[in-house]
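Thanks for coming, everyone. Let me put the structure up, and then we'll walk through it together.

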Amino acid sequence: MSIPNTGYDVREISRETTGSFDTRHMRINVGPQHPSTHGVLRLVVDLDGERIARIMPQIGYLHTGFEKTMENRTYQQGVTYSNRMDYLHGFGHDLAYVLSVETLMDAQVPERAQRARVILTELNRIASHLVFLGTGILDMGALTLFFYTMRERERLLDIFELVSGVRMNYGYFRVGGLSTDLPEGFESAVREFISEFPTMMEQYATMFVQNDIFVNRTKGVGVISQDLALDYCLTGPSLRASGVSLDFRKAQPYSGYESYVFDVPTSEEGDAYARFMMRFLEMEQSLAIVKQALDALEPGPIKDPDRRISLPPRHELENSMEAVIFHFKLVTEGFHPPRGEVYVATESARGELGYYLVSDGGSMPYRVKVRVPSLINLQSLEPACVGALFADMVVNIATMDPVMGDVDK
Amino acid sequence: MSDETRLLEVVLKDLEAAGGKKSEFKGMVSVNFERKTILEAVGVVRDHGFNHLSDIFGIDYESYPGHQGPRFTVAYNLYAIAEGERLFLRVDLNETEELPTLTGFWRGANFMEREVFDMFGISFQGHPNLRKIITPEDLDGHPHRKDFPLDETATLFNEGRFLDPAAFRAGMMGRDPGLTGWAGGARKGVRSGNMSGVDASQKETE
């Protein structure tokens, strides 16, 4: 099938720039290897003087075919792929994936596993927002904050490493619970972080909230009105910065989020400053959730006792033939959910995230469709950037907070 | 809660009057529509307060056990922010059939429809910029179709270039000069200014 030439493709762009001579607009290329594009985002920008006339994201450099790969692996193996998409908020992707499979299987996740999932997802959200803050302000030329936020993120990654064995790409959640129980020293490490993080937040605040240069570069920049945000299907902190209070932790609670007390910060401004502040304020709320979940964390089972889903305990394999059979079946071919299609929306650090799973009754999903927030949020660069100064484009990219693994899948 | 249920009930009544077929699984409501009436149905749903278009995606039912009817389904994932309700609209269609674009309702439908086009080859009439979004421009085929080759198959690109896994590995080991099994002439990208590949594709489209 040939590609219709209805828009701009790379060949056409090069042909146009060499063939015709347009004196009004200058077409320049940004990325894909550019520090301010946060990965391999490539933008083709038409400039009218210093102002942007048109902005065209060219994506796909990091396309890995995760969805197709997951369609050819068992359900339990899927957790090794989900977290590799959004590598900054891996626990969020893991959670979204296992929630969808659990809905399909009617799995009952024990309370301890639910609490552990919430703690880890929220800590990961803080880690993700820390990267956002550090690199976002780095793009504006403020070098110092980056080192501070990376210092705290390092502590969080140490906690994640303690739990799952790796610093990224965790794969710690399982359908029906967790892979292993939380290790010794986890609780004290998290408590230590909780007690110290508020003072760190104060340090960050003194470095950017009242910083004249930061305020001047972000206030009134890249304004997206509420209507435009909905028109462009924006979600997450960027949508809440435009005055729409949509947070799936509140709107359609999952994993027991309804039992925690927290606020959803929103702002009416819709500018880059508001988008920065949303994430900064969200870190406080995440910390409050972690605190509540940790206080309520009781010892107990961490897996669904249902033998269709979870592996039998090790000691049973020695004296129960039935346990051996279940173990063998689960390891060799996995479980078979009923035929049907499910979707569970979750709130990742970037917006609405959900896995649409189609099951044909086999041990592998028939179709996996990930509703990734970064890809769809990227379209909002258009209302934010068109008509604005080229120098502000960098600020707008930063405040959309795209993770390219999440964009290209 | 009762108000919320009522919204979905009201919408469903309207949709069923317009010819939709409702189905439900694990609390997830979807309504099937004919291809010709889908735009109208989306309009109805949107007027009822489903103001957030979550996603548009395709499903290829070619090898789904026991499946009858058209090969593809395109599903619209809609959400009402104020009421907290979710609704799926679905259209079944064949390979040759096209859908109307939703970019008139939500400009954000742009990337979603481009992704469906890229992955399934389903066209959207009236889309402002319908071209591939994720896969390379010269890749032939649509990866999310169930008949797309998996594993170590030589991947054919439009311009006669194809990736041959064995040759690729040989190139990585340094035993062979080429990384790709370029089918004719000099390999594209080795020497700058060699645009033979581009010329070939232009001839093909003309």
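One caution before we start. This is a predicted model.

Start with chain A, at the sheet built from E1, E2 and E3. This is an open sheet of three strands, in the order E1-E2-E3, and the pairing is antiparallel. Which strands sit at the edges? They are E1, residues 26–30, and E3, residues 51–58, of chain A. Each of these pairs on one side only. Neighbouring strands here are turned by 20° against each other on average, ignoring direction.

Now look at E2 of chain A, residues 42–48. E2(A) pairs with E3(A) in the antiparallel sense, over seven bridges.

On to the next sheet, still in chain A. Here again we have an open sheet of three strands, ordered E6-E7-E8, with antiparallel pairing. E6, residues 340–347, and E8, residues 367–371, of chain A are at the edges. Each has a single partner strand, so one side of each has no neighbour in the sheet. The twist from one strand to the next averages 10°.

E7 of chain A covers residues 352–359, and it pairs with E8(A) in the antiparallel sense over five bridges. Find Tyr356(A): it stands opposite Lys369(A) in E8(A).

What lies across E6 and E7 of chain A? Helix H4 of chain A does, residues 90–105. H4(A) runs at about 145° to E6(A).

Next, a helix pair. H5 of chain A, residues 111–139, packs with H16 of chain A, residues 390–400. The angle is about 175°, and the axes are 9 Å apart. That makes H5(A) roughly antiparallel to H16(A). From H5(A), the contact uses Thr135(A), Gly136(A) and Asp139(A). From H16(A) come Val394(A), Val395(A), Ala398(A) and Thr399(A). By class, this contact of H5(A) with H16(A) has three nonpolar, three polar and one charged residues.

Last, the two chains together. How many residues of chain B are in contact with chain A? There are 36, and they meet 40 residues of chain A. On the chain B side, strand E3 (52–60), helix H3 (109–120) and helix H5 (196–205) each supply at least two residues. E3(B) gives the largest share, six residues. By class, the side of chain B that touches chain A has 17 nonpolar, twelve polar and seven charged residues.

That's the tour. Questions, please.

How values were computed
Residues are numbered from 1 along each chain as its sequence is written. Chains are lettered from A and ligands numbered from 1 in the order in which they are written. This is a predicted model: local features need pLDDT of at least 70, side-chain atom pairs count only at pLDDT 80 or more; totals for chains, interfaces and linings use all residues. Two strands pair if DSSP finds at least two bridges between them. Helices (H or I, at least four residues) and strands (E, at least two) are DSSP runs, numbered from the N terminus. Axes are lines fitted to C-alpha atoms, for helices over the stretch in contact, and angles run from 0 to 180 degrees between N-to-C directions. Angles under 35 degrees count as roughly parallel, over 145 as roughly antiparallel, 65 to 115 as roughly perpendicular and the rest as oblique. Two residues are in contact if their C-beta atoms, placed from the backbone, lie within 7 Å. Ala, Val, Leu, Ile, Met, Phe, Trp, Tyr, Cys and Pro count as nonpolar, Asp, Glu, Lys and Arg as charged, and the others, Gly among them, as polar.
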